[in-house]
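Hi,

Here is the structure I promised to pass on.

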Amino acid sequence: MRWKKLGRIFEPSKYKSPNNCFEFAQSPQALVFDDFIRIYFSTREKDRIGKYLSHVSFVDFDKKLKDIIRVSNHTVIELGGLGSFDEHGIFPMNVLRDNDRIFAYTTGWNRKVSVSVDSSIGFATSDDGGRTFRKIGKGPVLSSSLHEPFLIGDAFVSRFDSTYHMWYVYGTKWANHPEEASPYRVYKIGHATSPDGISWQKEGRQLIADKLDSDECQALPTVINFDGRYHLFFCYRQAIGFKHRRERSYRIGYAFSEDLKNWIRDDENVGIHVSEDGWDSDMLCYPHVFHCEGKIYMLYNGNEFGRFGFGAAVLEDTTNEGLLERYHIHNKGADQ
Amino acid sequence: MFKWRKLGRIFNPQDVKGRDWLKEFAQAPSVLVFDNFVRVYFSCRPLPDKNGQYISYSAFVDLNRNNLFEIVNIAKKPILALGELGTFDEFGTYPVSVIRNGNEILAYYGGWTRCESIPFTVAIGAAISRDQGETFTKLGKGPILSCNIHDPFVLSGPKVRRFNDRWFLWYVAGTKWLENDGKPEAVYKIRMASSSDGLKWSRNGEDLIENKIEENECQASPDVFYYGKKYHMFFCYKYSLNFRNSDRGYRIGYAVSEDMVRWVRDDRKAGIDISEDGWDSESISYPHVFQLDRSVYMLYLGNQVGRFGFGLAELESYTSS
């Protein structure tokens with residue numbers, strides 16, 4: 001697979017944002033309209049005690065992702081009230097067109113004491129074509145459970161046939177390390193299904209094999225169907241030292257599946273890498289893939305987790321070298 | 001109409017020696033009856049830390065079945081470990097409700113963690129004992145009942161029962177946090193979940209018990225028992241703010257149901273109130289009703305929500321109407 005980078009397409013510091021947000025355009029996610037592409041992202045304000053609060057904003061592009069038509073200047077979705085799961089930020093928000101409805105799956109953040117935060121996945125709908133979103137309740141639709149004890153987030157939802165599929169992230173571990181000033185966390189990609197997009201059944205297993213080690217952190221799954229196969233992009237990093245050490249920071253990972261059950265990790269064929277220099281030279285993270293007018297695009301963040309905006313890439317070559325060979329080896333292994 | 005005769009305080013945690021994790025409080029009593037003794041589970045606390053913050057454990061005391069005022073054994077250590085860093089029960093396991101399931105005993109408990117904008121949140125965990133309830137192993141690092149659309153805040157106070165082969169879990173669900181000038185207080189109501197196996201629970205988030213004293217009335221300890229062909233629920237309720245003042249603290253309420261879904265509240269029929277003086281003169285709370293041999297008993301907490309232990313009352317009379 002080969003992606004051609006189109007460069008950074010949005011720099012948040014060039015625009016005035018609502019809610020006192022001034023930097024960051026994280027986890028860009030597209031909703032395609034007839035005449036434009038709307039890209040939702042999370043930006044940040046600093047609250048009274050100097051901590052960040054993430055808010056959702058959007059920017060509308062022409063359908064070639066070249067020209068900005070408008071940038072939102074209103075509150076797209078309210079943060080939760082006192083004690084709510086999404087009191088301290090919404091990041092990211094995944095938006096899905098479902099016939100004539102628009103669904104949003106939010107990751108809501110709330111601050112804790114012994115560890116920095118927890119998160120759960122909320123649900124909202126839009127009655128005004130994706131301009132604003134209203135939550136269906138004060139609580140989340142997906143939260144912690146016996147074996148997924150914390151940090152539920154990064155939902156990506158698609159409907160295949162009559163079933164809604166959600167790929168998401170769940171935490172497995174909080175721990176201390178001499179190199180980190182505060183506890184670090186580990187999280188993995190999981191999968192859930194639903195008949196209505198609201199009531200979810202977790203599959204209850206780690207979907208994507210670790211590559212680095214068992215502490216590998218996997219985030220932001222995004223799934224697309226083409227060439228008769230499902231393709232899952234995500235980002236992954238080392239648990240420790242990822243903020244300041246280039247080689248330990250986020251990269252884009254890749255897996256494919258024929259049946260939405262068996263996923264074969266195949267990072268060698270991801271086809272997109274950090275640049276030599278510039279805004280995406282230290283890390284690549286928070287990928288989002290989508291179809292638009294016969295092309296397949298990837299939106300993604302670069303250095304400092306999207307502090308300086310997001311970029312886009314277009315898929316040029318869908319060939320997976322050695323894909324079939326690996327697929328058969330894997331299936332043979334699974335049969336034994 | 002129930003009428004209870006108070007028999008007195010049965011356990012005072014401040015009398016216990018040699019257990020630094022059991023210094024104060026004996027909260028939310030619930031029983032498991034054995035051949036020769038009655039095991040009363042409760043939740044307790046070591047002394048607070050230097051910031052005045054508590055953690056809580058759960059433990060048990062065994063009472064002579066023939067003389068409930070005779071303590072025959074006290075747990076040597078907590079029945080459940082606190083959770084690991086970042087888990088829902090890192091700072092407390094309170095309260096606990098147990099039930100026999102074949103040779104095993106299942107426990108459901110409130111797991112406490114600390115938050116920044118609110119003092120804490122709670123979710124319901126589950127654990128299993130294979131040594132007759134001496135120690136329990138958690139079913140997982142996470143909760144079995146966590147927040148959802150209908151139950152967005154604290155989920156606590158589980159009370160598990162089985163009627164007609166179906167499992168029921170009455171619990172307490174936070175419905176809002178009140179700002180209260182920077183010292184947030186939770187409002188919580190009684191709700192119910194049901195299950196065919198005790199593991200996978202369904203719930204609809206409906207409040208079961210109508211409010212009496214105020215819209216923000218806090219309701220806890222939904223203790224259901226079947227007696228005289230009806231389901232009876234004793235619970236406790238208080239004002240949401242300034243409840244540490246005795247007039248606004250916990251009292252015991254009562255509701256009755258034919259089907260466990262529709263409940264009719266009538267606190268006048270509870271038949272138990274605070275005493276004139278003594279350890280239960282300011283508030284009474286966390287009722288737990290159980291039948292033993294030919295009597296019906298209620299365990300309950302006195303002043304400061306069990307800081308000074310729990311007492312026992314015996315049912316003197318019951319008339320259905």
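Let me start at a helix: A:E304 lies in helix α1 (residues 303-306) of chain A, where helices (H or I, at least four residues) and strands (E, at least two) are DSSP runs numbered from the N terminus. A:E304 has a positive phi of about 50° although it is not a glycine. At 38% relative accessibility A:E304 counts as partly exposed, because that label covers whatever falls between buried (under 20% relative accessible area) and exposed (over 50%), with a 1.4 Å probe and protein chains only.

Some housekeeping before the rest. This is a predicted model, so local features need pLDDT of at least 70 and side-chain atom pairs count only at pLDDT 80 or more, while totals for chains, interfaces and linings use all residues. Residues are numbered from 1 along each chain as its sequence is written, chains are lettered from A and ligands numbered from 1 in the order in which they are written, and side-chain values use heavy atoms, with hydrogens and water left out.

Most residues other than glycine have a negative phi, and most peptide bonds are trans. Chain B has an exception in B:D181, whose phi is near 50°. B:D181 sits in the loop between β11 (166-178) and β12 (185-195) of chain B, and it counts as exposed because its relative accessible area is 80%.

There are cis peptide bonds to look at too. One joins A:F91 and A:P92, with omega about -5°, and A:P92 is in strand β6 (residues 90-98) of chain A. Another runs from B:Y94 to B:P95, with omega near -10°; B:P95 is in strand β6 of chain B.

**Cavities**

What did the cavity search turn up? It finds 2 cavities of 30 Å³ or more. On a 1 Å grid over the protein atoms alone, a cavity is a set of points where a 1.4 Å probe fits but cannot get out, and lining residues have an atom within 4 Å of a point. Points are joined across faces, edges and corners, and the volume is the space filled by probe spheres set on them.

The largest cavity has a volume of about 370 Å³. Its lining has 31 residues, with A:N110, A:D118, B:T113, B:T121 and B:C147 nearest the centre. Both chains contribute: β7 (101-111) and β8 (117-126) of chain A, plus β7 (104-114) and β8 (120-129) of chain B, each supply at least two lining residues. The lining of the largest cavity splits into 12 nonpolar, 15 polar and 4 charged. Here Ala, Val, Leu, Ile, Met, Phe, Trp, Tyr, Cys and Pro count as nonpolar, Asp, Glu, Lys and Arg as charged, and the others, Gly among them, as polar.

The second largest cavity holds about 60 Å³. Its lining includes B:P95, the proline of that cis bond in chain B, along with B:A28, B:K159 and B:Y286. Strands β2 (24-33), β6 (92-101) and β10 (155-163) of chain B each supply at least two residues of this lining, which comes to 6 nonpolar, 3 polar and 1 charged.

**Aromatics**

Over all chains, the search finds 60 aromatic pairs. Rings of Phe, Tyr and Trp (its six-membered ring) pair if their centres lie within 6.5 Å; planes under 30 degrees apart are stacked, over 60 edge-to-face, and the rest tilted. A:W279 and A:Y300 are stacked, at 5.5 Å centre to centre and 25° between the planes. That pair links distant parts of the chain, with the partners 21 residues apart. A:F234 and A:Y236 are tilted, at 6.1 Å and 50°, and both are buried.

A:Y236 also has A:R265 over its face, 4.6 Å from the ring centre, and A:R237 lies over A:F242 at 3.4 Å. The rule for these is NZ of Lys or CZ of Arg within 6 Å of the ring centre and within 35 degrees of the ring normal.

**Cysteines**

How many disulfides are there over all chains? The count comes to 0, taking a disulfide as a pair of cysteine sulfur atoms within 2.5 Å. For A:C285, the nearest cysteine sulfur is that of A:C235, 5.5 Å away. A:C285 counts as buried because its relative accessibility is 0%.

Cheers

Note on methods: 1 Å grid on protein atoms, 1.4 Å probe; cavity = no way out; pocket = protein on both sides within 12 Å on 5 of 7 lines; lining within 4 Å.
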